[in-house]
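Hi,

Here is the structure I promised to pass on. Have a look at it first, and then read my notes below.

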Amino acid sequence: MRIAIAQINPVVGDITTNKNKIIEYINKAIKLNADLVVFSETAIVGYPAKDLLERSELIDRNLSALNDLRLHSDSIGILCGFIDRNPLKTGKSLHNSAALIHDGNITFKQAKSLLPEYDVFDENRYFEPARCVHVTEFRGLKLGITICEDIWINSPEVSFNYKQDPNQILTQLGADILINLSASPYSFEKPHQRLETIKNCAIKNNRCVIYANQVGGNDELIFDGNSIVVNQHGEIVALANNFEEDLIIYDTISGTGDIHNPSTGETECIYKALKLGLRDYVKKCGFTKVILGLSGGIDSALTAALAAKALGPENVVGISLPGPYSSQGSLDDARDLANNLGIEYQVYPIDKMFEASLLTIQPDKESPIMDLAEENLQARLRANIIMALSNRYGYFPLTTGNKSESAVGYATLYGDMCGGLAVISDLYKNQVYNLANFINKVEGVLIPQNSIHKAPSAELKPNQLDQDSLPDYNILDKILKDYIEEGLSFYQLNQKYDKDTVKFVLKKVDQSEFKRRQAAVGLKISTKAFGSGRRLPIAQRYKWE
């Protein structure tokens with residue numbers, strides 16, 4: 001049997017578009033003489049649909065679309081993810097399900113057994129798990145069908161303490177082949193973990209495993225695709241590209257399939273992930289052009305470069321907003337960046353606005369106090385201009401802060417944090433430099449070298465440098481990663497780093513939770529991004545000492 005894996009990019013909630021995309025790939029698979037085409041988890045609705053699942057009309061439309069697919073199944077079997085209603089009166093009202101369609105009929109349904117409740121996942125909120133699993137026969141092969149989390153019980157690195165392995169049960173029931181429909185989001189550690197998980201499942205069950213993953217960006221999540229077929233020996237026999245739609249064929253008789261060429265380098269994958277996440281967020285939200293402030297620094301330069309490559313330079317507007325402490329070098333770097341990228345570039349000085357604001361808030365003072373309030377005032381004046389241009393011309397505003405700054409609150413609420421999407425908010429400062437250098441290497445020098453090599457500064461007061469207020473980024477980033485992503489305790493961190501520095505950093509991280517709660521949505525590329533996967537209270541007095 002020839003099995004096609006259709007790796008598509010659905011739009012959450014757009015049932016018609018998703019159905020048409022599925023039909024497009026069914027027809028592609030037919031032209032390649034496929035007997036069966038496999039789609040990803042909840043392909044009809046898109047993943048994750050979150051509380052849209054509480055709208056009964058969405059469920060009705062998705063079921064109607066599934067029924068429409070019967071018209072395209074005369075010459076091919078279709079295995080597709082959808083949302084089903086729970087026929088029982090107990091438990092949640094919905095199932096996360098897969099349906100097998102062929103010869104004009106829906107012949108088999110299988111609900112998801114294992115529902116994740118960690119990181120960004122909250123599936124017990126919506127779904128009732130499968131009570132049991134069954135195999136189904138199609139063209140001489142018995143298929144064991146599972147959905148996403150059902151395969152992660154085989155992860156060698158993570159234990160979720162699930163009671164039963166649906167893959168083992170399906171194998172015991174006589175499944176000849178295991179097929180997993182997935183919507184597994186990307187993080188830069190994930191591809192290796194996922195591959196080892198699939199290999200473990202194949203070897204443990206002595207069965208070929210077909211893994212069909214979603215691709216595309218939905219809100220903060222980025223799905224990398226990387227659909228794959230692994231034989232019973234743990235060998236890769238078919239492989240799709242990553243970060244783009246794709247279609248591959250696997251032949252069960254020969255045991256071979258299409259091997260495409262996905263990116264494997266960590267920095268290259270991060271580059272592709274951020275471009276995909278940015279492009280899909282902007283377009284799926286209905287925008288075309290973006291706007292952002294260009295300070296001449298590395299963060300705004302990297303954000304602008306990603307936007308230009310994701311959306312096209314004609315859809316990016318860079319705004320220079322020089323203030324009283326902006327250096328000529330930074331202004332030159334911003335202009336050179338815009339020229340290198342070929343984006344629209346405008347200059348709006350804030351000096352007069354700043355002077356007028358100072359007279360308003362301190363009319364009895366002959367000279368500025370030069371405190372934090374005046375520093376932040378400059379950032380908020382810049383945000384006002386960007387948002388005004390956004391309102392007038394319909395541009396979508398991007399923020400430019402990185403994870404190191406966000407972690408310790410080194411950003412201005414309603415100032416440089418103001419915008420609709422935080423593109424690089426899950427990149428530590430050193431990752432920002434690494435990605436900037438990578439882009440210059442593969443795309444030609446787009447980001448001015450001076451933006452990369454000069455000491456970072458907010459330029460909100462004379463001779464200001466980031467390191468006046470923060471530890472060196474080489475140290476800061478290591479402490480932050482150990483604390484946020486690795487979960488090291490205060491005691492453990494003190495064994496690795498200077499105690500006073502650790503105390504300073506942890507205090508800043510905990511005090512800045514209220515800022516992060518009000519920040520723009522950030523693209524997730526790590527195992528522990530700020531956002532829906534990290535749920536901490538704001539008003540709390542936990543003592544880590």
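This is a predicted model: local features need pLDDT of at least 70, side-chain atom pairs count only at pLDDT 80 or more; totals for chains, interfaces and linings use all residues.

To get you oriented: in which loop does Tyr 414 lie? Look between helix H11 (403–408) and strand E20 (421–422), and you'll find Tyr 414 in the loop there. Its phi is near 70°, a positive value in a residue other than glycine. Most residues other than glycine have a negative phi, and most peptide bonds are trans.

Now the overall picture. The protein has 17 helices and 21 strands. Its radius of gyration is 26 Å, close to the 24 Å that the globule rule gives for 545 residues, so the protein is as compact as a globular protein of that length. Along the principal axes, the C-alpha trace spans about 85 × 50 × 45 Å. Of the 545 residues, 56% count as buried. If you take the contacts between residues at least 6 apart in sequence, 72% of them join residues at least 24 apart. The protein exposes about 23,100 Å², with carbon and sulfur atoms supplying 49% of that. As for charge, there are 58 positive and 67 negative ones, and their mean positions are 3 Å apart.

Thr 42 is buried, with a relative accessible area of 2%.

Asn 242 is in the loop between strand E13 (236–239) and strand E14 (246–251). Asn 242 counts as buried because its relative accessibility is 2%, which is under 20%. A polar atom of its side chain lies 2.9 Å from the backbone oxygen of Ser 263. Beyond residues up to four places away in sequence, Asn 242 touches Asp 224, Asn 226, Pro 262, Ser 263 and Cys 269.

Arg 382 is in helix H10 (residues 372–393). At 15% relative accessibility, Arg 382 counts as buried as well. Its side chain reaches the backbone oxygen of Leu 321 at 2.7 Å. Leaving aside neighbours within four places in sequence, the contacts of Arg 382 include Leu 321, Pro 322, Gly 323 and Leu 460.

Happy browsing!

Key:
Residues are numbered from 1 along each chain as its sequence is written. Side-chain values use heavy atoms; hydrogens and water are left out. Helices (H or I, at least four residues) and strands (E, at least two) are DSSP runs, numbered from the N terminus. The radius of gyration is taken over C-alpha atoms; the globule rule is 2.2 Å times the number of residues to the power 0.38. Buried means under 20% relative accessible area, exposed over 50%, partly exposed in between (1.4 Å probe, protein chains only). Contact means heavy atoms within 4.5 Å. Accessible areas come from the Shrake-Rupley method with a 1.4 Å probe; for residues, only the protein chains shown count as cover. Lys and Arg count as positive and Asp and Glu as negative; His and the chain ends are not counted. The place of a charge is taken as NZ of Lys, CZ of Arg, CG of Asp or CD of Glu. A polar contact is a pair of N or O atoms within 3.5 Å; within protein, one must be able to donate a hydrogen and the other to accept it, and residues adjacent in sequence count only if both atoms are side-chain atoms.
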